[in-house]
Amino acid sequence: QIVFHAAAYKHVPILEDHPAEAVRVNVYGTWSLHQLASQFGVERFILISSDKAVNPSNVLGMSKRIGELIVSAAPSGAMRSTAVRFGNVLGSRGSVVPIFAKQIDMGGPVTLTHADMTRYFLSIAEAVSLVIQAAAITRGGDLFVLDMGVPISIADLAQRMIRARGLRPGRDIAIEYVGPRPGEKMSEELVGVGESKIATEHQSIFQIQGPAAIRADELARQIDDLVSFSGNGTTAEQIRTKLQDCVRLLAAPSG
């Protein structure tokens with residue numbers, strides 16, 4: 001009855017080096033599963049998106065943005081489709097929290113990318129609860145964003161975790177800055193250029209309104225073209241450029 005589509009490659013630097021895999025899994029995987037869900041009578045299809053899809057500058061964000069557009073362009077019918085956009089989930093696989101905890105347990109150093117880097121965070125319980133609530137209120141073709149609160153300084157988070165163990169940052173546990181990794185932003189956004197955020201019946205869930213969705217037939221053509229291009233011996237840089245072009249074309253107002 002309900003599909004929560006969370007499967008994706010989500011490692012920003014790795015996808016910068018292997019954009020064909022982002023196209024294969026994050027774009028074509030989402031497209032294929034959405035088509036099959038509709039074909040087999042699924043009632044609701046919920047795509048787990050990311051704040052990296054907002055004004056995307058890396059491969060992960062671009063692939064997730066196309067996923068959002070797949071959902072928004074879905075023709076109205078028996079299946080209600082929605083995408084839910086949010087930031088990092090504390091304690092989830094790949095989260096900085098378990099990484100920092102392990103580094104502290106080993107005596108340091110704790111490695112940070114940049115002193116000014118910030119991210120939005122939710123707890124696992126909050127994220128799961130709100131995604132389910134979004135699935136309940138969708139009317140189909142929606143894009144929701146969760147209330148993420150205020151962005152958190154990654155450096156402050158690391159220092160708090162060190163102090164929580166009764167240790168002193170920079171003295172008992174060294175902090176090393178290693179520089180942003182390929183594709184990383186200094187900060188993330190929740191609402192993109194040309195988008196607006198409006199309230200829903202749930203105080204922690206907002207609906208994103210943007211340009212009119214592209215026609216489903218044009219979307220299918222663009223995705224087929226992107227998948228074919230990415231599997232045709234092209235370079236990573238060529239695929240990244242193609243992804244950028246695809247996002248720009250799909251996000252343009254229809255009409």
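What follows is a walk from the helix out to the rest of the chain.

Reply: Happy to! A word on the ground rules: this is a predicted model, in which local features need pLDDT of at least 70 and side-chain atom pairs count only at pLDDT 80 or more, while totals for chains, interfaces and linings use all residues. Residues are numbered from 1 along each chain as its sequence is written, and side-chain values use heavy atoms, with hydrogens and water left out.

The helix to look at is H3, residues 59-72. Helices (H or I, at least four residues) and strands (E, at least two) are DSSP runs, numbered from the N terminus. H3 has 14 residues and reaches 20 Å from its first C-alpha to its last, close to the 20 Å expected at 1.5 Å a residue; the expected span is 1.5 Å times one less than the number of residues. Of those 14 residues, 13 are buried, which leaves H3 mostly covered. Here buried means under 20% relative accessible area, exposed means over 50%, and partly exposed lies in between, with a 1.4 Å probe and protein chains only.

Ile70 counts as buried because its relative accessibility is 2%. Setting aside residues up to four places away in sequence, Ile70 touches Val27, Thr30, Trp31, His34, Leu219 and Ile223, where contact means heavy atoms within 4.5 Å. Ile70 and Ala216 are 146 residues apart in sequence, yet their C-alpha atoms are 8.1 Å apart in space.

Asn55 has a positive phi of about 40 degrees although it is not a glycine. Asn55 counts as partly exposed because its relative accessibility is 30%.

Now for the empty space. Rolling a probe the size of a water molecule over the atoms shows where such space is left. The search uses a 1 Å grid over the protein atoms alone: a cavity is a set of points where a 1.4 Å probe fits but cannot get out, a pocket is an open set with protein on both sides within 12 Å along at least five of seven lines, and lining residues have an atom within 4 Å of a point. Grid points are joined across faces, edges and corners, and a volume is the space filled by probe spheres set on the points.

By this rule there is one cavity of 30 Å³ or more, and the largest cavity holds about 40 Å³ of space. Its lining is made of His5, Ala7, Ala8, Asn26, Thr30, Leu47, Ser63, Lys64 and Gly67. Helix H2 (19-39) and H3 are the elements that give two or more residues to this lining, and H3 gives the most, with three residues. By class, the cavity lining divides into three nonpolar, five polar and one charged; Ala, Val, Leu, Ile, Met, Phe, Trp, Tyr, Cys and Pro count as nonpolar, Asp, Glu, Lys and Arg as charged, and the others, Gly among them, as polar.

H3 also takes part in the pocket side of the story. The largest pocket has about 1400 Å³ of space, and of the 45 residues that line it, the closest to its centre are Lys10, Asn88, Arg93, Gly94 and Ser95. Two or more residues of the pocket lining come from each of H3, strand S4 (88-90), H4, S5 and helix H5 (124-137). The largest share, five residues, comes from H5. The pocket lining has 22 nonpolar, 13 polar and 10 charged residues.

Between H4 (96-105) and S5 runs a loop that holds Pro109. The peptide bond from Gly108 to Pro109 is cis, with omega near 0 degrees.

Stepping back to the whole chain, there are eight helices and 12 strands. The radius of gyration is 19 Å, close to the 18 Å that the globule rule gives for 255 residues, so the chain is as compact as a globular protein of that length; the radius is taken over C-alpha atoms, and the rule is 2.2 Å times the number of residues to the power 0.38. Along its principal axes, the C-alpha trace spans about 60 × 45 × 30 Å. Of the 255 residues, 42% count as buried.
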